[in-house]
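Please read them with the coordinates open.

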Amino acid sequence: MNVVAQSVLVVEGLSKSFRGLNALDSVSFNVQSGEILGLMGPNGAGKSVFINVVTGLYPADAGTIHYGGRNVTGLASYELARLGIARTYQNIRLLRRMTVLENVLVATKEHIDRPLRSFCVWNQRSFVTAAKRLLEQFHLVDKSDWLAGSLAYGEARRLEIARALAGKPSLLFLDEPAAGMNERETEELSSTIRASHKFVEAIVIIEHDVAMMRNLPHRLIVLDSGRKIAEGRPNDVLAQSNVIEAYFGTDGTDD
Amino acid sequence: MMQDYIVFVGVNMVLAWSVYVILLAGSLSFANGGFMAIGAYASGVLTVKFGMPLIPAALIAGLIAGAVGVLVGFPALRTRGIYLMLVTVGITVSVKAVIESIDYVGGIQGFGGMVGTRPWHVIALVILVGCGLWFLSKSPLQRILDAVREDELSAASLGINTVYVKLVCLGVGAFLAAVAGSFYAHHLIHVTPDQFGIVVSVFIVLYAVLGGTNNMWGPPIGGVIMTLIPEVVRGLESWRPTAFGVIILVLLLIRPDGLLAFRDVTTRAKKIWVTAKADESKPARAKSA
């Protein structure tokens, strides 16, 4: 079997600079079907730029992105989303003035793909049922009728992931989902992410919480100053000297 | 006299909705006075010079305005917020300037001979547009529009083609404004470019904003009230415009979200509950933010 066929996403030589600053410097890697891939790095390593380029928010300066064997370099973010690449945001972007249920319903793939035809959809029962089932998986069904803006932080995170899954994606990007969470919340989040894994082919999680990245992903990639400095199994990668140096400074120790 | 009221109130209701439709996807349009002018003149040419009946003429005029809206809107929608607003102001100003320079439609003197609007035309239009928007508010499309209006980036990440959605709304809004403009012109018999200036566009936006733009009933109510207020204060003679202005300011002060800003949490929750009746789960009471 060849590697490319198994890969959901193949990124080659991806570069992006802002005013001469190399935010991404020829980054290459692939996402295998069935895996949870971790992407970590210190602040300013280029993690967020990376996710924003791959999901079509910024155009890449150089490099190619193949998704499901198809060249998707330069596609707009809505086109990538329709093809099955979903994402969440570091600073949670829910539709705060809509209810929890509506936030999931709005992402219903059938409606998104043909917005004008959805004008003629009178019977929404099956969609509501599907959305409620999804909310149930994420322990949010009791709060279906709450405004999304009134949810607690951890619930809002779960809802954002649930909403991303409502579009039936095959690849899910999570941008620093544990930001601002304490240890217990992070632990809960990890189990949420593991539970989400069965809905998609692969998950790419961007994070700098070391404990989470040691336990959750199957494979780990470390970025520093826009370059890939390590790739492999989490425990091996986190033991590498250059990773420790990039992350904790030369004298740093793992917490 | 009664006919005047019905036609003017009805036309202004539809105009207010034409702004509302564009605002559904988050763009504030000051172009609707211009679209109205396109409708009035295009349908006028068709009925007066080519002898076409009013209703097909009005529909064709609507399509022309819709096409203009989409053509101009495509580059304009790349701009956002205040820039998009300025582009729409530009549409109204240019449409007026172009019409003034065309001698075929009377230039600055105006264009006459348009007859045939009956009150039932306008009433039927109001009912049709109202039904369309009511169906829309029950359909998944409303949620997609709400998402685009609230957060374009988030909407795009869900797979919504935000430019397309906004363009369609602009086209439909232009269509409605032009059909209303056709009926308006065929009631007045004679129109001049001056009647469709930027002030008209501002007033149409005011109808919608005063009435409230977070549900479909606000804009037409604003249209009705704004059409009737000048009549109510008729006794004030030359103070009428002043009184009108003061009333607008007071309304904005006491109801900043519009007169009918009622589509709040509970109605939203109820709406979903109705669609979800099949499920056994009882809805929890909506909690406000």
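Predicted model: local features only at pLDDT ≥ 70, side-chain atom pairs only at ≥ 80, totals over all residues.

The points below take the sheet of chain A, then a helix of that chain, then chain B.

1. Local features are considered only at pLDDT of at least 70.

2. The sheet. Chain A holds an open sheet of six strands, in the order E6-E7-E8-E3-E9-E10. The pairing is mixed. Strands E6 (85-87) and E10 (227-232) of chain A form the edges. Each has a single partner strand, so one side of each has no neighbour in the sheet. From one strand to the next, the twist averages 20°.

3. A helix on the sheet. Helix H11 (residues 241-248) of chain A packs against this sheet. H11 touches strand E9 (219-224) and E10 of chain A. The direction of H11 makes about 125° with that of E10(A).

4. Strand E3(A) and its partners. Strand E3 (residues 36-40) of chain A runs parallel to strand E8 (residues 202-206) of chain A, joined by four bridges. On that side, A:Leu37 has A:Val204 as its bridge partner, and A:Leu39 has A:Ile206. Four bridges also join E3(A) to E9(A), again in parallel. There, the bridge partner of A:Leu37 is A:Arg219.

5. Burial of E3(A). Is this strand enclosed or open? Five of the five residues of E3(A) are buried, so the strand is largely enclosed by the rest of the structure. In a regular strand, side chains alternate between the two faces of the sheet. In E3(A), A:Ile36, A:Gly38 and A:Met40 point one way. A:Leu37 and A:Leu39 point the other way. All of these are buried.

6. Helix H6(A). Helix H6 (residues 125-137) of chain A has 13 residues. H6(A) reaches 19 Å from its first C-alpha to its last, close to the 18 Å expected at 1.5 Å a residue. Its buried residues are A:Phe127, A:Val128, A:Ala131, A:Leu134 and A:Leu135. Seen down the axis of H6(A), they fall within an arc of 125°, so they line one face of the helix. A:Ser126 and A:Arg133, on the other side, are exposed. After H6(A) comes A:His139, with a positive phi near 55°.

7. Chain B. The secondary structure here is twelve helices and zero strands. Of the 289 residues of chain B, 49% count as buried. Among contacts in chain B with a separation of 6 or more, 76% are between residues 24 or more positions apart.

Definitions and conventions
Residues numbered from 1 in each chain as written. Chains lettered and ligands numbered in written order. Helix = DSSP H or I, 4+ residues; strand = E, 2+ residues; numbered from the N terminus. Expected span 1.5 Å × (residues − 1). Buried ≥ 20, exposed ≤ 12 C-beta atoms within 10 Å, placed from the backbone. Arc of directions from axis to C-beta. Pairing = 2+ DSSP bridges. Axes fitted to C-alpha atoms, helices over the stretch in contact; angles between N-to-C directions. Contact = placed C-beta atoms within 7 Å.
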